[in-house]
Amino acid sequence: MGGIGKSTLAAQIAARVSRLQSERVITVVNGEVPASAPWPAEADFVVLDNFDDNLSQESGRWTVRDPALAAQLAGWTGKLLITCRHPFSLGETPQGRLTFRRLGPLTSSGADELSTSLPAIRLLSDAERDQVWRLTAGHPLAMEYLDLLLARGERY
Amino acid sequence: MPRTEPTELAETTAEQIASMAGDLMFGDLFGRLGTAARSLLIRASVFRVPVTAEALGARPGPIAECEAAGLLVIGPGHELVVHRWTAGALHRQLAEAGLGAQLAAAHRQAAAYWLSRGAVSPESGYHQRRAAELTRVADPAPRPGPSLLRRGAVLALAAVSVALAVEAGRALAVPHLASAEGSAGALSSAAGPSVAGPSVAPASAARDQAAAWVAGQVSGGAVLACDPAMCAALAQRGVAAGDLLVLGPGAGDPLGSAVVVETAAVRNIFGARLVSVYAPEVLASFGTGAARIDVRIVAPDGTVAYRTALAADVRARRAAGAQLLRASRITVTPSARSALAAGQVDARLLITLAALAASEPVRIDGFGSRGPGQSPGLALRTAEITAPAAPARRMLTFVRAQRSPYLAIRADLTPGPDGYVLTIEFGAPAPLGMLR
């Protein structure tokens, strides 16, 4: 799901790992991974953000387009964190250690927590904030849009 | 990552709701941006990785405008990013509006940027592929779009809740349109300054006339490219400094602007390229000889693309005008009929008239607002409608409640021989492709 906060979460995880394990060499690659030099050899924690750019869809299934990249991912022994809107396979290559965690919309209490940082929405009553959560389906970026519009005097 | 609390909706349902809400709110946020900010957002939205302002040829004003709208993120290293969800909403709306060509152009610019850097990157290939795909998808043949009256009905529905809250405005006396052609002079003289007397130098007089016309006729928020003296004259007329792009030797091209005011100084900078490459069409012309000043529309994708789009727009306006002429709730004078049938009427007016006709009988007296020396094919941006007092006030309320791009620069009521005359005027330049 786009706009749900995958990249933000990945960035926070990378920052926390960097703080707690300063000896680690962390590399973040955004979007399409270059075939010639995917990431530095010395990296032992790789974050592949917006990995959708490396996928192709065939018969409704999302697959890593470049077999060499798929093989590299399957054989990678360091830590790997990928953000992607779609579950995918490595094609002919076995999945190896890859596992998928789905990041869904915010729960009511999660939306309440986000609301505290949104200047217009946080001024609303509890009932109105609940309505915001329902109207945006707990989507963080949609809540941010709504906050900007409410701050400008729009009414929905 | 186990949840401690369930959501009430299935994730696919939640995604659909969020997408619909996001598209609606994105439209509101995008609709409030000025022309330069919209153009910047479109250019930035095709990039998959953060880029510098230089890569986008962007100036601080539009960047700040997009950031304030929450549609552009500025990173810690001043790099610019449009969130992919935001970009998705923008690209969907451009596609629905038949403006895929703008996206293709943005991808071509992005490909050129990556190629100019010389570094090995998958990005240039990606943008070239996308530009080619979008160009293939674009259908060059004219095709029937959604019914104009249906578009108008949608506009009417969208505006109803806002219209209810807006108070009918005060009446102002304005000259009436006798006919499409005859009105141009009347409106031009109404909008323009008094003509300078013999003691005023011709260049100065033309500059004053051009500044008055631009300040009164060009849409608010449109970026105006001008030489320093012209920009100063426009600022004196109330044009915001942030909407002015000052041209001078070494200042680059006028492509970041919507309109360029071609004075002798600007002609000296760009020579024949101004007309052949950057700004082929004239909105209005003032003065003669070396003192002549042409107010030109900037063609962001070049002269050929602009003229192609303009020709397609005239065809679409003609088809939409024919739809209005068949509508039972619309009556027209012979001059108005002629303008509608010839495709001379601005698309924003056509859609607004269809929206008005959805709830009131509409009698169109005439169309106008042709700038002095205006190029053929450019649209008439003003309409006059006669109605009894109560419907006229309701229509005025409706027109004033619209948002960009349907927000008129002027909407007034004035008493007429058969009731009240509602004058609706849209700003220049008329956007192309709204009726595809």
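Start by selecting helix H5 of chain B, residues 84–96. Its buried residues are B:Arg84, B:Trp85, B:Thr86, B:Ala87, B:Ala89, B:Leu90, B:His91 and B:Leu94; a residue is buried if 20 or more other C-beta atoms, placed from the backbone, lie within 10 Å of its own, exposed if 12 or fewer, and partly exposed in between. Helices (H or I, at least four residues) and strands (E, at least two) are DSSP runs, numbered from the N terminus.

This is a predicted model, in which local features need pLDDT of at least 70 and side-chain atom pairs count only at pLDDT 80 or more, while totals for chains, interfaces and linings use all residues. Residues are numbered from 1 along each chain as its sequence is written, and chains are lettered from A and ligands numbered from 1 in the order in which they are written.

Stay on H5(B) and pick its end C-alpha atoms: they are 18 Å apart, which agrees with the 18 Å that 13 residues should span at 1.5 Å a residue (the expected span is 1.5 Å times one less than the number of residues).

On H5(B), show B:His91, B:Leu94 and B:Ala95; on H6(B), show B:Gly100, B:Gln102 and B:Leu103, which complete the contact (C-beta atoms, placed from the backbone, within 7 Å).

Move to strand E6 of chain B, residues 281–286. Five of its six residues are buried, so E6(B) is largely enclosed by the rest of the structure. Strand E7, residues 293–297, pairs with E6(B) in the antiparallel sense over five bridges (pairing requires at least two DSSP bridges). B:Glu281 stands opposite B:Ile297 in E7(B). Six residues lie between the strands of this hairpin, where B:Gly287 takes a positive phi near 75°.

Finally, colour chain A by secondary structure: five helices and five strands, in the order α-β-β-β-β-α-β-α-α-α. Of its 156 residues, 28% are buried. For the interface, select the 28 residues of chain A in contact with 27 residues of chain B. Helices H4 (126–136) and H5 (140–151) of chain A each supply at least two residues to that side, and H5(A) gives the most, with seven.

Key:
Axes are lines fitted to C-alpha atoms, for helices over the stretch in contact, and angles run from 0 to 180 degrees between N-to-C directions. Two residues are in contact if their C-beta atoms, placed from the backbone, lie within 7 Å.
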